[in-house]
Amino acid sequence: MAEIKEEKLEKYLTPVRKILERYEKKEHYLIPVLQEAQEEYGYLPEEVLKEVASGLDLSLSQVYGVVTFYSQFHQEPRGKNIIRVCMGTACHVRGGDKVLEALKDELNVDSGETTEDLKFTLESVACVGACGLAPVMMVNDNTHGRLTPEKIPEILAKYS
Amino acid sequence: MSKINLTIDGQTIEAKSDQSILEAAREIGIDIPYLCYHPDLSLHGACRVCVVEDLESGRLLASCATPVGDGMKISTRSMKARKARRKNVELLLANHPNDCLGCDRNRHCELQDITYKLGIQKEDVEKYEGDRRELPLNTVGPALKRDPNKCILCGRCVRICEEIQGVSALQFTQRGFDSIVTTAFDLPQAEINCANCGQCATVCPVGALTEMSEIEKVWSALEDDKKHVVVQTAPSIQATIGEEFGMDAGTVVTGQLVAALHRIGFDKVFSTDFAADLTILEEGNEFLKRLKGNKKLPHITSCCPGWVKYAEHNFPDLLNHLSTAKSPMQMFSALSKTYYSQQSGIDAEDIYTVAVMPCTAKKFEKDRDEINASRFKDTDAVLTTRELARMIKEIGIDFNSLPDEEFDELMGESSGAGTIFGTTGGVTEAAVRTVKEKLTGEPLERLNLGFRGINSAELEIGDRKIKVGIANGLANAEKLLNKVRAGESDYDFIEIMACPHGCVGGGGQPRPATNEKKDKRAAGLSNIDVSNEIRKSHENPQIIKLYEEFLGEPLSGESHHLLHTKYKARPKN
């Protein structure tokens, strides 16, 4: 049983090992390696971080310190679609918080969480630079503007 | 490096250009308070408690991180500097539990000390209404506990773990207000690459990092009429515990230490130095065997449990070079429940063995799976030097006025060789003394190795040249062992101590500790060796008796069963 598990893990770790092969064993490559690994796995699971630590000759704590410092790195699986709701000044004034509430209700998650079916991750961000369309949210690379809570179910349906 | 002139608090002085303002001020008797600075570590400049005012520009400078400059005019005490310093300390206290009463560092806390000196009052702190951290404590041990709520994020522990130990088990994690110092995934230190050396606890200015206390366990055993409680004290304790009672570093207080232990109520007071002599006979003979057969060289010592765990994580390929001899503590404990039980007629089941150690890793070592040779738990409790001092204080023993007393018979005698186990280079010197005399019949001249960093020496034993290497501090050990691994070294014998200076600099020793203090402790221990009538382990009469009456000879079957152990590879991360 243990051997099968070991084999599975080996296979699981192949992509991160391939990434590491392309970098010198130096501390300052930590961030690019983590970015590539996250791209590959969708998030940064513990086993992958262990591999990164060994691959760059760092301690696991050092890697963990960097991963928890930057908000770009995620330790939990992420949804297929990432929703970023703007909480900037313009959006705030025009009811961005109501949009966020509607999303929370619709998806049944809190800000920063991922739905159980892994379809959506909900996040709030400071400003997406589309104040003219306030209140606004982004789903993946698409911008949705002039939102009202009522429009939310229809937009989400396009992504499910 | 040139000399420059600057003015500090109105005094014009000459300083070296590579000195910091803080160092230059200290030389003229001005102590600028600080929290994140530590003389043996790199600069961090985070606490801003050491701010001083540059009178020319009116700017506030972190004196620990600012080099002196020619013509500088500095005030360490201007209203502006004092106000800023005070504000910075107040803000630290605003997110600190301030429950000094129940804190391990009460009266020995650098933050408390500065708070008192600056005259900060309760209301000065309570006026701040911000959030406070309320995080769970990490008390899984078995060696160390962490209280992230008390942590002031000075980073000394992070730096010593990285710079001196090369381990980096502790790191800053998260960011902003959520920043805490912790291990990867908040895992217990026993489950990660942490060596349990406790160096982090020796530099922590507050009560955020400290040993898992076993004091109450020991009091309970002492109270239990059915238990026969024996205690052993490690070689270094006699040269360090005096500091807890106001004495200078390096003051040797062997007789008073024994007297205090008798007064606490231990049934027998024995010496780990005795077991160190035994380790030398076992390990010395093992080395001799390897030397003759030219096998498993370099021979690497294994008496330091911090080093052993580090090796298991980082040098699993060299584990077969480690001596199989147990540490003196574990040898002693195994014998306390076999040999001592037999000689005293006391049932081993009723014997409770306490070890007073300079070390936090010993608390981990006593719980290792492969270590219970006597059929019972060999070591029941490990107390650090600090814990023992606390017990002595608790029951009101006036340590300084105690008369000298002698260790008890049977397992109390030691040679100077056993004693110097407590400092870097000591194990090597002790082993080589016995090996040389066994091989050639000639006594060894003193090796006189340095106390800091990596040292090596070559000596002739008969027609054979032997090269010994010694490293203390795990980052130094790594450097030395990487050479062994790469096949670039020709050492025959290597001694590794996890803590800087060896056990005198151990994680369980009195705080605060600096390299300067540790030099003095090491010198104190070496003096005991010089003045000891018996200087070689194999001449210790109690050791001779032990072999004659119980063990047979070094490396015999019984020795092997009780006094030797094995190691296991552990993952690097």
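Predicted model: local features only at pLDDT ≥ 70, side-chain atom pairs only at ≥ 80, totals over all residues.
Arg22(A) is exposed, with 10 other C-beta atoms within 10 Å. Residues are numbered from 1 along each chain as its sequence is written, and chains are lettered from A and ligands numbered from 1 in the order in which they are written.

Arg22(A) sits in the loop between helix 1 (2–21) and helix 2 (30–41) of chain A. Helices (H or I, at least four residues) and strands (E, at least two) are DSSP runs, numbered from the N terminus. Glu36(A) is 14 residues from Arg22(A) in sequence and 11 Å from Arg22(A) in space, C-alpha to C-alpha.

## The sheet in chain B

Chain B has an open sheet of four strands in the order 11-10-13-14, with parallel pairing. Strand 11 (268–271) and strand 14 are the edges; each has a single partner strand, so one side of each lacks a neighbour in the sheet. Two strands pair if DSSP finds at least two bridges between them. The twist averages 25° from one strand to the next, where axes are lines fitted to C-alpha atoms (for helices over the stretch in contact) and angles run from 0 to 180 degrees between N-to-C directions.

Six bridges join strand 13 to strand 10 (residues 228–233) of chain B, with Val230(B) opposite Thr353(B). Four bridges join strand 13 to strand 14 (residues 381–384) of chain B; here Ala355(B) stands opposite Val382(B) and Met357(B) opposite Thr384(B). Helix 14 (residues 385–394) of chain B packs on the sheet, touching strand 13 and strand 14, and its direction makes about 85° with that of strand 14. Contact requires C-beta atoms, placed from the backbone, within 7 Å. Helix 11 (residues 328–336) of chain B lies across strand 10 and strand 13, at about 165° to strand 13.

Key. Buried ≥ 20, exposed ≤ 12 C-beta atoms within 10 Å, placed from the backbone. Contact = placed C-beta atoms within 7 Å.
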